[in-house]
Amino acid sequence: MSLSLEALKPGDLVAERVFGPITGDMLVAYAEASGDSNPLHLDRDIARKSGFDDVIIHGMLGMALLGNLLTDAFPQDNLKRFSSRFVSIMPVESIILCRAEMVEKSATAVVLKLEASIDGTDKTVITGSADLSLPVAS
């Protein structure tokens, strides 16, 4: 589904989606597809010896969820820039809430603030931003 950004204003929530729970099987599939087989994501014993309660979700998988939020909500050709920063670990079985809020708007583009958090908490796990172009009026 694509949204029209023309009618929105700074401060508006423009996209929101919940992903998960992100399971251990999903981490195995992601590791196989991405080549990131770091045992912190796959081996509970190693994760526990490293100070975690269980395996943790790949940060790049979390970033991909934010990217999925954007490409589901807006035409891909309008996406001009996407950046993110990992803030906190995501425990396996987490449900991730991804949100995009408009922060700036010009005649030709918008800037979005992105956030991924553990659903049902105030724990932010990834922050980011994205620039999208607006369609040219005909």
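**The whole chain**

The model is predicted: local features need pLDDT of at least 70, side-chain atom pairs count only at pLDDT 80 or more, and totals for chains, interfaces and linings use all residues. Residues are numbered from 1 along each chain as its sequence is written, and side-chain values use heavy atoms, with hydrogens and water left out.

Traced from the N terminus, the order is β-α-α-α-β-β-β-β. The C-alpha trace spans about 60 × 30 × 20 Å along its principal axes.

Next, display contacts (heavy atoms within 4.5 Å). Among those between residues at least 6 apart in sequence, 67% join residues at least 24 apart.

Switch to a surface. The protein exposes about 7,700 Å², of which carbon and sulfur atoms supply 53%; the areas come from the Shrake-Rupley method with a 1.4 Å probe, and for residues only the protein chains shown count as cover. Of the 138 residues, 35% are buried, where buried means under 20% relative accessible area, exposed over 50%, and partly exposed in between (1.4 Å probe, protein chains only).

**Helix α1**

Select residues 24-34, which form α1. Its buried residues are L27, Y30 and A31. Seen down the helix axis, these buried residues fall within an arc of 100 degrees, so they line one face of α1; the arc is that of the directions from the helix axis to the C-beta atoms. The buried residues of α1 pack against α3.

**The loop between α2 and α3**

Move on to D54, in the loop between α2 (44-49) and α3 (59-73). D54 is buried, with a relative accessible area of 18%. Show its neighbours: not counting residues up to four places away in sequence, D54 touches R44, A47 and V92. With R44, the side chain of D54 makes a polar contact, side chain to side chain, at 3.0 Å. A polar contact is a pair of N or O atoms within 3.5 Å; within protein, one must be able to donate a hydrogen and the other to accept it, and residues adjacent in sequence count only if both atoms are side-chain atoms.

Terms used: Helix = DSSP H or I, 4+ residues; strand = E, 2+ residues; numbered from the N terminus.
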